[in-house]
Amino acid sequence: MTETVGGPLDQVPFRGYIPQLFAIPTEQVDIQLLRRSFASLLRYAPLLGGHVDEDETGRVKLVLNDTSDLQLEEALQVVNLPNFSYRDWRKNRFPYDDVASHFEDAVPKIGTYPLPILGAQLTIMSGGVALCLWFHHSAIDGGSSVRLWSAWAAVCRGEEIPDLLLLPRLEPTLVSDIYDLDQHHGYAHSGFSILPPAVAARLHFPSEKLATLKAVTSAGLPEGQWISTHDALNALIWVAVQRAKGKETSLSLAFSINVRSRLAPPVPESYIGNAFYMAIARSGGSSLADYALAVRQANNAVTAEKLEDFLRAAAARPDLYEAHNNSDGPLLITSWADFPLGGLDWGQQAFGGVQPDRIMQPLRLRANLAVVYAKLSSTSGIDVEIGLEPDEMDRLLGDEELKTFAEWDGGYGMGVGLSIRAV
């Protein structure tokens, strides 16, 4: 059995699973092709079929796969739900209770180590399917998931698996105990508080509304400053949640950045591991433009020098964790918006050429968390799911500024405040 200690950036994420679920309106499913292709992926990169463990110091270690070919061929779990109507599920906007009762078991429960790094489940319903890929965050980040989905789809098309780089893990260029932890506000070892019960609502931001949001926000910027559409969207969610929580200007924003291209030397996009940094934005202003500019400045502050310092800190301090696990904030926004998942080409055989209706996490979001989902090829705009306490969510859905740009598209609060997206 071959094992390796995870790199410094593998130590700092929360030690749990990230699941990604595609809801696909088709009954043309080639189960054997999906199983063979998933087994090929695990065979190509043995670490993917391996396990996460902890050593005696509490550091994450990764154990390579040592299972048989027969076990690999059965790695994709298949669940049949012939009495569950995909069409009704879609009509009702994929309600969470259905996700919990039928798909939540696809993701392993956190418990005693060792834990599997990667897995998948295909759920077959009347009129459609759901394909769920889950991965342990101590081995794989969101940016890596794009490469895994793309590789799986490539094998289904009859193509070779694209390059996947799993070893060696990222390490600092210079091993040193000299680092400045004070500049890494997104990380701390403050323990985990028990978060209050949360509800989640899914909001849709049409493309034309996003363009208006960026234009309106950019108009308030100082001369010579620039923001992205995503900066403006983050700022809008941040300000609206802040108002809903009654925080005025005291709520900070955490957001993750794929730093593969920012490291020195840059890390290939084919790297399957953790290569992200949690940035923290704080605003001293009052306008939406102020908040968007704070997001942009926090993003721009993540330089190669800062990342090298953080790699040294993480290597020396295995007790560092992302500081977004407390009930008083910060608000965490994680984004899949740039992940080209909604239009993946699986070929004609896997799903009959049909694209997903929905991409989601088959888990109830905790409070103070928002997920910006990958764009779908069948729709225009971006979907965002937000978790808050119920009374806060009521206020959020009634937020006048948010109403200008967003439509309700599932989860908690139908008819509470936002207009309802047409289906």
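Student: Where is the place of Pro-114?

Tutor: In this predicted model, Pro-114 is in the loop between H5 and strand E6 (115-116).

Student: What is omega for the peptide bond from Tyr-113 to Pro-114, and what is that bond called?

Tutor: Omega is near 5° there, and the bond is cis.

Student: Which other residues does a cis peptide bond join, and what is omega?

Tutor: Ala-264 and Pro-265 are joined by a cis peptide bond with omega of about -5°. Pro-265 is in the loop between strand E11 (253-258) and strand E12 (276-281).

Student: Why does Arg-93 count as buried?

Tutor: The relative accessibility of Arg-93 is 9%. Buried means under 20%, so Arg-93 counts as buried. Its place is in the loop between helix H4 (86-91) and H5.

Student: What is phi of Arg-93?

Tutor: Phi of Arg-93 is near 65°, a positive value in a residue that is not glycine.

Student: How do you know whether Phe-94 is buried or exposed?

Tutor: Phe-94 has a relative accessible area of 8%. The cut-off for buried is under 20% and for exposed over 50%, therefore Phe-94 is buried. Phe-94 is found in the loop between H4 and H5, and its phi is positive, about 50°, although the residue is not a glycine.

Student: Which residues lie nearest the centre of the second largest pocket?

Tutor: Phe-94 is one of them, with Pro-95, Tyr-96, Glu-385 and Gly-411; the lining has 21 residues. The pocket's volume is about 300 Å³.

Student: Which elements give two or more residues to the lining of the second largest pocket?

Tutor: Helix H5 (96-102), strand E10 (199-205), strand E15 (358-360) and strand E18 (407-411) do. The largest share, 4 residues, comes from E10.

Student: How do the residues of that lining divide into nonpolar, polar and charged?

Tutor: The lining of the second largest pocket has 11 nonpolar, 4 polar and 6 charged residues. Gly counts as polar in this division, and Gly-411 is among the residues nearest the centre.

Definitions and conventions
Residues are numbered from 1 along each chain as its sequence is written. This is a predicted model: local features need pLDDT of at least 70, side-chain atom pairs count only at pLDDT 80 or more; totals for chains, interfaces and linings use all residues. Side-chain values use heavy atoms; hydrogens and water are left out. On a 1 Å grid over the protein atoms alone, a cavity is a set of points where a 1.4 Å probe fits but cannot get out, and a pocket is an open set with protein on both sides within 12 Å along at least five of seven lines; lining residues have an atom within 4 Å of a point. Grid points are joined across faces, edges and corners, and a volume is the space filled by probe spheres set on the points. Buried means under 20% relative accessible area, exposed over 50%, partly exposed in between (1.4 Å probe, protein chains only).
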